[in-house]
Amino acid sequence: MAEAEVAEKVRMLDIYIMEKHYQVPEGLTIQTALEYCGYRLIRGCGCRGGSCGACATVYNFTHDPTLRYGLACQTAVELDMCVVQIPCFPTAKPIYDIKKLRPTVDQVLGIYPDLATCFGCNNCTQSCPQDIEVMDFMSAALRGDFPAVTAESFECVMCGMCAARCPQGLSPYNIAMLIRRLHGRYLLPKSKHLEEKVKEIEEGKYDAEYEKLRSTPMEELRHIYDERWIEPK
Amino acid sequence: MPYPPYMEESIRKLEASRQRRMKEEIPLISSDERDIIVRKYHPDYRETGKRKLLLGPNKDETMPEELANQLEGNSRVDPDKVDLSKIGYDVDVLIIGSGGAGLSAALLAQENGAKVLIATKLRLGDSNTIGAEGGTQAADRPNDSPVLHYLDTMGGGHFENVPELVWAMARDAPMAIKWLEDLGVNWDKETDGSMRELELAGECRRRVHSCKDYTGLEVMRVLRDEVRCRDNIDYIEFEPAIELIMDDEGQVAGAILVNLETNELSLVRAKAVIVATGGLGRLHTQGFPTTNHYGATADGLAMAYRVGCSLIYGDSIQYHPTGAVYPLQFVGILITENVRALGGQIINIDGEQVACNLEPRDILASFEIRECTERHKGITTPAGNVGVWEDIPLIDMIHGEGTIARRLPSLVHKFSRFNIDLIHEPVLVYPTLHYQNGGVRMDANSATEVPGLWVPGEVGGGVHGRNRLGGNATLDIYVFGRRAGREATRYAKEVKLGKLTLNHVRQWQKELEWLGIVKERPFSPMLLPNYARQPSDYLADLYTEKLQSGLVKLA
Ligand SMILES: Cc1cc2nc3c(=O)[nH]c(=O)nc-3n(C[C@H](O)[C@H](O)[C@H](O)COP(=O)(O)OP(=O)(O)OC[C@H]3O[C@@H](n4cnc5c(N)ncnc54)[C@H](O)[C@@H]3O)c2cc1C
């Protein structure tokens, strides 16, 4: 099909990549639009499915300068969009040994002393492509409400946009990382049945049964498999 | 982009049959019937798009063409121009790749006393692992056992799995979950601490551990944070390996890395090398879109093949039955199998179930392909893609309102960005390239046939036979990653490296020349797919070609 013919069917959108003008067909994400324009991505592209945070992108519109934040692989291109990717942002990453910590605010403040300087400007929340209430979990962190931090930050893809926008130079996503680990290790109750099973296995409880299956002829094994009891939902 | 009116019409039929379907139970088919449907409809059994390998350990075996090209590719380095005396990094254990397998291996190697370097293609942790949603199997509930897990895995793999590998995985599973719990992973639990577990297709017990539908992300965040906190683990990002280095004793002894931004090469000498490069989704075998991350290009297979490792079931690819088909922006992305585990049914254009929603992946994928091709009961999107419905709202009817929002927040969020409300509307699905069932042949510690080289994770083969069960891939990577890290370190303490050499590359190029295929073969490893539109690409490709080819450019 000739290009002209198609162009009649498909709406072409004007967009601006780092302020340079391009035209792309409707129906692409920011990521595929970049590729459509001929960019071969190295940075700024990861899982291509909204889980990794590699493709954080800042955008606005020629007619509306308000900044918006999205993942390039999860955001449709729109008419008059101006996009810039921010694939990397410098932050300090403190070192700690999770096995030696306690799940307390003091401990977190010891590692991230600047946490106390958050004055609630809400830039972080506004900059989150995952729509996380970042400022809320920062105040939950200061209150020591670690279950709330874990729940509210659970969709964090650690793209770094909150840190990029924080006037205090905080790194909310790293702070939440530490707290989620403290929560998972110390505050969630341990699974007893898991511990028991680990013990049984280490004692070799299942080895003989496995050896028996291992030497079962294939036909019989298939039969055992087809006939096995399936736990109802 | 809500559904266009003609698609809404089919949704009305689906809604009309819901009450009836809630009670309708379609039985699972037997293992003999499975063999029949798979042979008839599964893409692995198509005759086109494949060819025999002309050289290497698997010579004469048939592989998907895209993989065969990578395996038979030209080296990216000219051995005569590489100065092997200029060592950039000298370490005990080199780990190539930073998904779940690579980082598990790194932690265990470090704990056992090794100096570790991780070289990775994209950012630390950018991988297939981070995209895992559904969860991880481990038989840890009282009515379950590693033996049942073993049996399920063997059956799911059509009994072609390597039994020792399956047992290693099933046996270590609870230990892996516990290890992650201790590192700070927030597993879904009841208030008393017992694990909240799901039963995925092909599993006789509830056994899948999840972290909402962000399981891979949660685990990857924790592993990455832990790696960053440890002494003696260095990592280099955007610097993939392009060739393994050997020594004159025939042992793997390092790798050549390339800086993706400057093209500068650097050499790593390592006493042991762990290749944990994951899968091959971005090769788009049979023209399918994929769920895989940007760097899933079979690099490890190509590099290992060139040093003499053979592949097992290299031709076996998993097409996940529930890849998104609409909206266009989401073609190929994964709808987690948890949807089916929670009761989501697969429905055709008339509102009828296509098959039991708990059939293993290859079986359901085959049924869907039959429904959409031979039976013409699929739904076609405006862009020309075909799919069947996955009835997500049914979940709230079965388990109570709020279940979808609570258990599948990631999915609901992603689709809401495109004005599709998955709490009230179904999603259109079709098979998507998801996983490489086979891989480099290995033993129960992930050691390959070539000394000095380990291959834990998706790059390794044999564990899953010809079809992997849901939740076994992420388990595989922690189990075999940990085993490989431990074993490689033990080996590194004893091995004496000889003189470094790239003679295997010289030999390889000679064989290509002798076969007269140097020009026909690409350079490999591929490193990244090229989706950048070339001046010769027509806009028409986007909308006129079918799923089989056109969308590859988008996915
Ligand atoms: C969207 C999605 C959802 C999934 N959901 C589940 C699930 O719920 N449960 C389950 O069990 N399984 C699931 N799987 C499968 C499972 O996640 C993967 O099989 C598994 O995580 C693979 O882990 P890995 O460490 O072997 O490889 P990966 O996690 O893919 O890591 C490979 C690493 O190697 C790097 N790399 C590649 N080539 C090179 C090179 N040349 N040099 C250096 N580095 C390189 C990559 O960048 C990456 O860091 C899912 C997969 C996908 C894609």
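How many residues of chain B are in contact with chain A, and how many residues of chain A do they meet? In this predicted model, 100 residues of chain B are in contact with 83 residues of chain A. The two chains bury about 8,300 Å² between them. Carbon and sulfur atoms give 57% of that area.

Chain B and chain A share 12 salt bridges. One salt bridge joins the side chains of B:D32 and A:R222, with an N to O distance of 3.8 Å.

Several helices of chain B build the side that touches chain A. At least two residues each come from α3, α6 (146-156), α7 (163-183), α8 (215-229), α14 and α17 (540-544) of chain B. The most come from α7(B), which gives 11 residues. By residue class, the side of chain B that touches chain A holds 46 nonpolar, 35 charged and 19 polar residues.

The contact involves 32 residues of domain 1 of chain B and 26 residues of domain 2 of chain B.

About 2,600 Å² is buried between domain 1 and domain 2 of chain B. Of this area, 53% is on carbon and sulfur atoms. Within domain 1 of chain B, the greatest losses of area to domain 2 fall on B:I317, B:N338 and B:R407. Together these residues account for 24% of what that side buries.

The domains of chain B are joined by one salt bridge. Separately, 12 residue pairs, both members at pLDDT 80 or more, are in polar contact between domain 1 and domain 2 of chain B. The side of domain 1 that touches domain 2 draws two or more residues from each of α3 (31-41), β13 (317-324), α10 (338-341), α11 (361-372), α14 (409-416) and β17 (427-436) of chain B. The largest share, four residues, comes from α14(B). This side of domain 1 of chain B comprises 17 nonpolar, nine charged and six polar residues. A salt bridge also links B:E133 and B:K414, whose closest N and O atoms are 3.5 Å apart.

Terms used
Residues are numbered from 1 along each chain as its sequence is written. Chains are lettered from A and ligands numbered from 1 in the order in which they are written. This is a predicted model: local features need pLDDT of at least 70, side-chain atom pairs count only at pLDDT 80 or more; totals for chains, interfaces and linings use all residues. Side-chain values use heavy atoms; hydrogens and water are left out. Contact means heavy atoms within 4.5 Å. Buried area is the accessible area (1.4 Å probe) that two parts lose on being put together, summed over both. A salt bridge is a side-chain nitrogen of Lys or Arg within 4 Å of a carboxyl oxygen of Asp or Glu. A polar contact is a pair of N or O atoms within 3.5 Å; within protein, one must be able to donate a hydrogen and the other to accept it, and residues adjacent in sequence count only if both atoms are side-chain atoms. Ala, Val, Leu, Ile, Met, Phe, Trp, Tyr, Cys and Pro count as nonpolar, Asp, Glu, Lys and Arg as charged, and the others, Gly among them, as polar.
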